[in-house]
Amino acid sequence: MARVLPTKKTERAGVNEFRALMESAGHIVQEIDGGNDYGEDCYLSFTQNGERTGDIVAVQVKSGTTYRRSVGYGISCRDHVQDWTRSRIPVIGVVYDPDLKKLFWVNLTEYLLRELEQGRGPKSVPIAETAFLDVDTVESVVSRIRSFISWNDRVRPVELGILQSLSRKLRRLGNRNFNDVDRTPLGGVPYEMATSAVDFRERHPGFDPALMRWLTVGATLCCLAMMGPGLYEAVESVGHTSWLWNGWVWLVGYYGTVLYLLEVSKKDPQKRRARLLRWGAFSLIWSGWYVGIAYQTSAWSANPVFEWIFLTQMPAVAKVVILYLGSFYVHREISRRRRLKAAYPRGVPGGG
């Protein structure tokens, strides 16, 4: 008699778990025949209030422990980068962990497009261990995917509103091919003044991101350095004479807080929290610029209430924020390792 391989059972378990979850939420899952599987296992049609929205994504479902990584999971994309980035509909990836009996998800198209724009050639797509897909998160995941579809350039014009729909139609009319083959070269008339720059950019795809990163860092450091003398004078003018509270100590605490927030925001795995930390750092920079430059120029004078709050209350607030963030990240890491030890009692694969 024919044998059913264990890997087949595991694969079906992932598809069945995904299908049961999405159908229980009211959405439609249409599986693709295994013989026609070229990187997608099924199509997912979204519904709202019992009616189909027209939003569709392709889904690649992976099952088993082989997709575990030291932190989270991963889906290989060696043979599918072009397929998943050029697809007319987005492609999402789902990994089913049979030990945890949990689904994890990632937007494959979004991740790969972002990596290609940065000049990188990814070999796999990582999935965070916090990217759960379950009854508690399914609606937020669906909302994120539909938002990606809506903002993607391939969305239906009817959902863009009248003005945007009209603008899109006019662009399409302007870009029509009028068979001017004899007069216009393929792709349009070349811009000779920019060819050398574009040639250099194509030969070194990672140069632009690195240049922008260093320009941003340089501009931030120059801004902090320029406001330093004014901030020192402002702190000294407040009247604190103790060695525990003078201009130099204040500047060390201020610069340390700004640099700490910027550094932590680069490493925080949650994008929303990272943006909030960056916003806090640049708010401190703007506040320091506003107060510090006022002591170096006669162009304006800082608001006395704002100046007093910034100079006297900022150090205490910054101290509390740094202590809270430090304890928050330590607690999260302890919880993460506890979950991994519970899931992998014999040791985490890869030593994570």
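Predicted model: local features only at pLDDT ≥ 70, side-chain atom pairs only at ≥ 80, totals over all residues.
# A mixed sheet with helices across it

In strand β2, the bridge partner of I28 is S45. Strands of a sheet pair through backbone hydrogen bonds, either parallel or antiparallel.

The chain as a whole has 352 residues, of which 34% count as buried. It contains 10 helices and seven strands. Among its contacts between residues at least 6 apart in sequence, 59% join residues at least 24 apart.

Five strands make up an open sheet, in the order β1-β2-β3-β5-β6, and their pairing is mixed. At the edges stand β1 and β6, the latter formed by residues 102-107, and each of these pairs on one side only. On average, and with direction ignored, neighbouring strands of this sheet are turned by 30° against each other.

On its other pairing, β2 is joined to strand β3, residues 51-63, by six bridges, and the two run antiparallel. One of the bridge pairs here is T47 with R52, the latter in β3. The strands β2 and β3 form a hairpin with two residues between them.

The phi of N49 is near 55°, a positive value in a residue other than glycine. Most residues other than glycine have a negative phi. Is N49 buried or exposed? N49 has a relative accessible area of 77%, so it counts as exposed.

Further along the sheet, β3 pairs with strand β5, residues 91-97, in the parallel sense over six bridges. In this pairing K62 stands opposite V95 of β5. The parallel pairing of β3 with β5 and the antiparallel pairing of β2 with β3 both occur in this mixed sheet. The loop between β5 and β6 contains K101. K101 has a positive phi of about 55° although it is not a glycine. With a relative accessible area of 57%, K101 is exposed.

Helix α3, residues 108-117, lies across β3, β5 and β6 and runs at about 45° to β6. Helix α4, residues 138-151, lies across β2, β3, β5 and β6, at about 110° to β3.

Back in strand β2 is F46. How accessible is F46, buried or exposed? Its relative accessible area is 0%, so F46 is buried, the cut-off for that being under 20%. Leaving aside residues up to four places away in sequence, F46 touches H27, E51, R52, T53, G54, D55, V57, V142, I145, R146 and I149. Among these neighbours, V142, I145, R146 and I149 fall within the residue range of helix α4, 138-151. The C-alpha atoms of F46 and G26 are separated by 8.0 Å, with the two residues 20 apart along the chain.

The later part of the chain supplies further helix pairs. Two packed helices are described by the angle between their axes and the distance between the axes. Helix α9, residues 271-294, and helix α10, residues 304-343, pack at an angle of about 160°, with their axes 12 Å apart. Angles over 145 degrees count as roughly antiparallel, and α9 and α10 are therefore roughly antiparallel to each other. Their crossing is left-handed. On the α9 side, the contact is made by R273, L277, L284, W286, S287, G288, Y290 and V291; on the α10 side, by F306, E307, F310, L311, M314, L325, F328, Y329 and R332. These contact residues divide into 12 nonpolar, two polar and three charged.

Helix α10 also meets helix α7, residues 207-238: the axes of the two come within 11 Å and cross at roughly 90°. That angle makes α7 roughly perpendicular to α10. From α7, L231, A234, V235 and V238 meet F310, L311 and T312 of α10. The residues of this contact divide into six nonpolar, one polar and no charged. In α10, F310 and L311 take part in the contact with α7, and F310 and L311 are also listed in the contact with α9.

Technical notes:
Residues numbered from 1 in each chain as written. Heavy atoms only, no water. Pairing = 2+ DSSP bridges. Helix = DSSP H or I, 4+ residues; strand = E, 2+ residues; numbered from the N terminus. Axes fitted to C-alpha atoms, helices over the stretch in contact; angles between N-to-C directions. Parallel < 35°, antiparallel > 145°, perpendicular 65-115°, else oblique. Left-handed = near helix turned anticlockwise from the far one by under 90°. Contact = heavy atoms within 4.5 Å. Nonpolar A, V, L, I, M, F, W, Y, C, P; charged D, E, K, R; others polar. Buried < 20%, exposed > 50% of the residue type's maximum accessible area, 1.4 Å probe, protein only.
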